[in-house]
Amino acid sequence: MRERILGFIMFVIAVAALIGSLKLLNWTPDMLQEGLPSTYGSIDEVKSKLHIRDIYIPSYYPQGLQWPPARITAQSKPYAMILMEFKRKEDNNVSLAISQTTLPNPVPNAMIEMTRTNERVNFPFKGRNALLEVGLCKDNEQCCRISWNESSYHIEVAMVAPPSEIVKIAESMVYEQAQ
Amino acid sequence: MNCIFLCLIMNIVTFYNSYPGMYITQSFFHSFIAALLVDAALQAWKIENPVVRQRFRLLVIVLPILSFPLYQAINPLRSSLSFRLEALFDMTRWLNLEIWRGISAWVLFLMLLSLTTIVFIVQEIIPIIKHALASRGKEAQGEKPAADSMVSKALAHLPDPKPEVFIIQDDDLILFVTTGKRPAIFISTGTAETLTEEEIQTAIAHEIAHIERNKLPLLIVTFLLRIVQFFNPIALVEFRRIVQEEEKICDDIAITLTGKSQALADTLRKFHGPADEGEAGQAEITLARDRLEEFSHAMIIEDRIARLEANRIQRRTKDRFAFVLTSIAIIMINYSVV
């Protein structure tokens, strides 16, 4: 019995050492290289620290969203990427995610995941050709996603709301482009 | 040329961000953490019984296969950037590090996985195919031992049911089994002449143990699961450790059947004597690799011999608590390793 208890204590120490080492290893890359994924307090901070000039922000926000964004995640290495996530006032759940990624890199996974896509259509707006998807997210809530290429970036907006709202947001992010 | 290289790197990053890519990277890191925790548990509780050790090592093969889909089913947002930022360890932070002129650590990681796949094919799959092909028609080459031969006398003292034993004409020390519907043991004339009756008996008992254990679905399932992890270097190492534990289990069964641990130790010593020096003119790198392999093999054999000579045959111990606790620790820590 004594040996088993001693074994248990040793194992717990080993687990604690492993967790500590993993935390340390997770933090080390930030010391080795700047620009790895990190959270930022504001868009201005992202611009100044990561030197990303063009950040596409909507001028229209639907009512019921908290401002400022609940989380701004950005990186400049290995490629430039910004992800803004906004929470709903009523339930504090993430309901709007706007991401901007240097082409042709993968889009980051936001806290809004479309579990079922019901409709997928090409949606031209302001001279851009966007892809609009409508489907269901967690708890069978209606959600939609719109994505398009803007200069050297791929922009994706996902929202737990009807498509009319997301189109307004997308349209407020860019200027009219000549056809 | 630069574009091709850049496109390749881009494709690697895209692949690693897809679900199959995440599965591959996470199963690698999950098996690494599982291997560390299993070794810690074996040390902490001083577990020496090879059956129990083997069961612990199976965790390193099995859990990482299931972990990623299981965690994703529990929490689909586990792959989100927000989860990654709050995770205990996010491997992409390391893999995204630029090592040289825009080349990230992903490329090194891909090279490691590719190398493991090559080793898996060359050292595991091809020998299995060769063995399976060689086993066919082997019976025709062998002949049954004479009734008054040492092999027959050694067999007489072993409990039934016994597999068929064949003698093959060869002066080298050869002893092997063929599995399948009609398993058989093959002994060369060189082996029969070199070993004593007791040694032949323990050697045959060891091979009988292999035949019986090969019938267990657990080992077959383990090997199939190991194939799923063909790219994983940790699974490669851990599967070899499982095989080493298997040898010890068969040693224990042989001793239970014969009660002659020293005879089995002597047999091992005769079979795996000092390695020959490499031939002159051989490439140095090949020689170094061969010597390293020989040394590693010799270490394993010496460990088995020492165990047999010290008669350290362990009976089953109460290990359920340690096993459950280790499994829980692996599952919980790996949930936060993305």
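This is a predicted model: local features need pLDDT of at least 70, side-chain atom pairs count only at pLDDT 80 or more; totals for chains, interfaces and linings use all residues.
Domain 1 of chain A covers residues 1–32, while domain 2 of chain A covers residues 38–171.

Turning to the contact between the chains, 31 residues from chain A and 32 residues from chain B take part. On the side of chain B that touches chain A, two or more residues are given by each of several helices, among them helix H1 (2–17), helix H2 (19–44) and helix H15 (320–335) of chain B, and the largest share, 5 residues, comes from H2(B). By class, that side of chain B has 21 nonpolar, 7 polar and 4 charged residues.

Now to the backbone. Most peptide bonds are trans, and most residues other than glycine have a negative phi. In chain A, however, the bond joining Lys77(A) and Pro78(A) is cis, with omega about 0°, and Pro78(A) sits in the loop between strand S2 (71–75) and strand S3 (81–87). A cis bond also runs from Leu103(A) to Pro104(A), with omega near 0°, and here Pro104(A) belongs to the loop between strand S4 (94–102) and strand S5 (116–125).

As for phi, Lys126(A) has a positive value near 45°, and its place is in the loop between S5 and strand S6 (128–136) of chain A. Ser151(A), in the loop between strand S7 (142–150) and strand S8 (153–159) of chain A, likewise has a positive phi, near 45°. Is Ser151(A) buried or exposed? Ser151(A) counts as exposed, because it has 9 C-beta neighbours inside 10 Å, whereas Lys126(A), with 14 such neighbours, counts as partly exposed.

Notes. Residues are numbered from 1 along each chain as its sequence is written. Chains are lettered from A and ligands numbered from 1 in the order in which they are written. Domain bounds come from an automatic or database domain assignment. Two residues are in contact if their C-beta atoms, placed from the backbone, lie within 7 Å. Helices (H or I, at least four residues) and strands (E, at least two) are DSSP runs, numbered from the N terminus. Ala, Val, Leu, Ile, Met, Phe, Trp, Tyr, Cys and Pro count as nonpolar, Asp, Glu, Lys and Arg as charged, and the others, Gly among them, as polar. A residue is buried if 20 or more other C-beta atoms lie within 10 Å of its own, exposed if 12 or fewer, and partly exposed in between; C-beta atoms are placed from the backbone.
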